[in-house]
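Student: Can we go through this model together? I would like to start with the packing and then look at the rings.

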Amino acid sequence: MIVYGCQLNIAWEDKPANFACVRSMLRRRRISPKSLIVLPELFATGFTMNAADIAEPMNGPTAEFLRELAAERRSWVLGGFARQAGQNVYNEAVCIAPSGEILGRYAKLHPFSPGGESDHYSAGHNLTIFPCGNLKVAVFICYDLRFPEVFRAAVAQGAEAIVVIANWPDQRHSHWTALLRARAIENQAYVIGVNRCGCDPKLDYAGGSVVFDPNGREVVLAGSRESIVSANLDPKIPSQWRNDFPVLKDIRPDFLRIATGRGGSQRRSRPQGSSAPVRSGSPSRANVSSRRATSHNGSPPRH
């Protein structure tokens, strides 16, 4: 399966402009059918704290755009948007098949509290692993990257490729590359990081979308401008490397249960996941904090 990471300079809170930008980028690139196209976190709006204004239901314009794109390109399309669910807004990622079917939906487990995201977006509560091509894919969003336990839990449930979509700022860009590589090495999985580039009203973004193989080797790396990176993900590589160097079998399940949220005794995890459960990714209800926002124009505060 070929994966394409679309690194764009997101127009601030302008969905039509960002939809047009993505279409334009893809028109300039030959996209093979049955590929995975990945767009950044909140690709249609940028990392805005005006959550209530930009949020939409699952059948809203952003999800509809992703469905159209999947059908047009005859590929799976994964992108991030703000989803309204009752009184809550979630920073979500959704993957849609060419048929329009939702393969997986994931709500960000760790809203970025240092930047005030947790004041405006509710936290998700579930992992999401879904089949895509011949790989089992997990997805995480930006700040989740700093919490390796959830990546380990995804691999225990069968993940062979892990997608991280982000609005990761330039000031901590070295962390982005280092942490993505680490997640690939320690989980013996493909890791695909798709970041934005350009700037928003408060922050600059250096791009650096990248793919690492299960041995932590860099397959492809974007620069700091708008671009599409691509890599061929061989489904045999993760299982082959895990068999040749079987470190995952030495996972301590008594410690892993802390990450998976399971209490009591636990059977040994199966990192290659033939019988591991796949969770839907639908978040349970969570209340958004009522603390006053630290930024008044909807942009992420500097930190």
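Student: Which residues have the most contacts inside the largest nonpolar core?

Tutor: They are L36, L78, F140, I162, V163, I192 and L233, in a core of 55 residues. A nonpolar core here is a set of buried Ala, Val, Leu, Ile, Met, Phe, Trp, Tyr and Cys residues joined through side-chain atoms within 4.5 Å. Buried means under 20% relative accessible area, exposed over 50%, and partly exposed in between, with a 1.4 Å probe and protein chains only. Strand 7 (residues 135-141) gives the most to this core, with 6 residues. Helices (H or I, at least four residues) and strands (E, at least two) are DSSP runs, numbered from the N terminus.

Student: What are the ground rules for the model and the numbering?

Tutor: This is a predicted model, in which local features need pLDDT of at least 70 and side-chain atom pairs count only at pLDDT 80 or more, while totals for chains, interfaces and linings use all residues. Residues are numbered from 1 along each chain as its sequence is written, and side-chain values use heavy atoms, with hydrogens and water left out.

Student: Back to I162: what is in contact with I162, leaving aside neighbours within four places in sequence?

Tutor: A138, F140, F151, V155, A189, Y190, V191 and I192. Contact means heavy atoms within 4.5 Å.

Student: What does the second, separate core include?

Tutor: That core has 25 residues, among them L8, M25, I31 and F81.

Student: Now the rings. How many aromatic pairs are there?

Tutor: The count is 9 aromatic pairs. Rings of Phe, Tyr and Trp (its six-membered ring) pair if their centres lie within 6.5 Å; planes under 30 degrees apart count as stacked, over 60 as edge-to-face and the rest as tilted. One of the pairs is F19 with F43, which is tilted because the planes are at 45°, with the centres 6.2 Å apart.

Student: Where do F19 and F43 sit in the chain?

Tutor: F19 is in helix 1 (residues 15-27) and F43 in the loop between strand 2 (36-38) and helix 2 (51-54), so the pair links distant parts of the chain, 24 residues apart. F19 counts as buried at 13% relative accessibility, and F43 counts as buried at 0%. Together with F65, these two form one aromatic cluster.

Student: And how do the rings of Y143 and F147 lie?

Tutor: Their planes are at 90° and their centres 5.2 Å apart, so that pair is edge-to-face. Y143 is buried at 16% relative accessibility, whereas F147 is partly exposed at 22%.

Student: Which charged end sits over the ring of F151?

Tutor: That of R183, 5.9 Å from the ring centre. The rule asks for NZ of Lys or CZ of Arg within 6 Å of the ring centre and within 35 degrees of the ring normal.

Student: What else is buried in helix 4?

Tutor: In helix 4 (residues 148-156), the buried residues are V150, F151, A153, A154, V155 and A156. G158 follows helix 4 and has a positive phi, near 110°.

Student: Is N187 buried or exposed?

Tutor: N187 counts as buried, at 0% relative accessibility. N187 is in helix 5 (residues 173-187). Apart from neighbours within four places in sequence, its contacts are F151, R152, V155, R242 and L248.

Student: What about phi of L42?

Tutor: Phi of L42 is near 45°, a positive value in a residue other than glycine. L42 is in the loop between strand 2 and helix 2, and is buried, with a relative accessible area of 0%.
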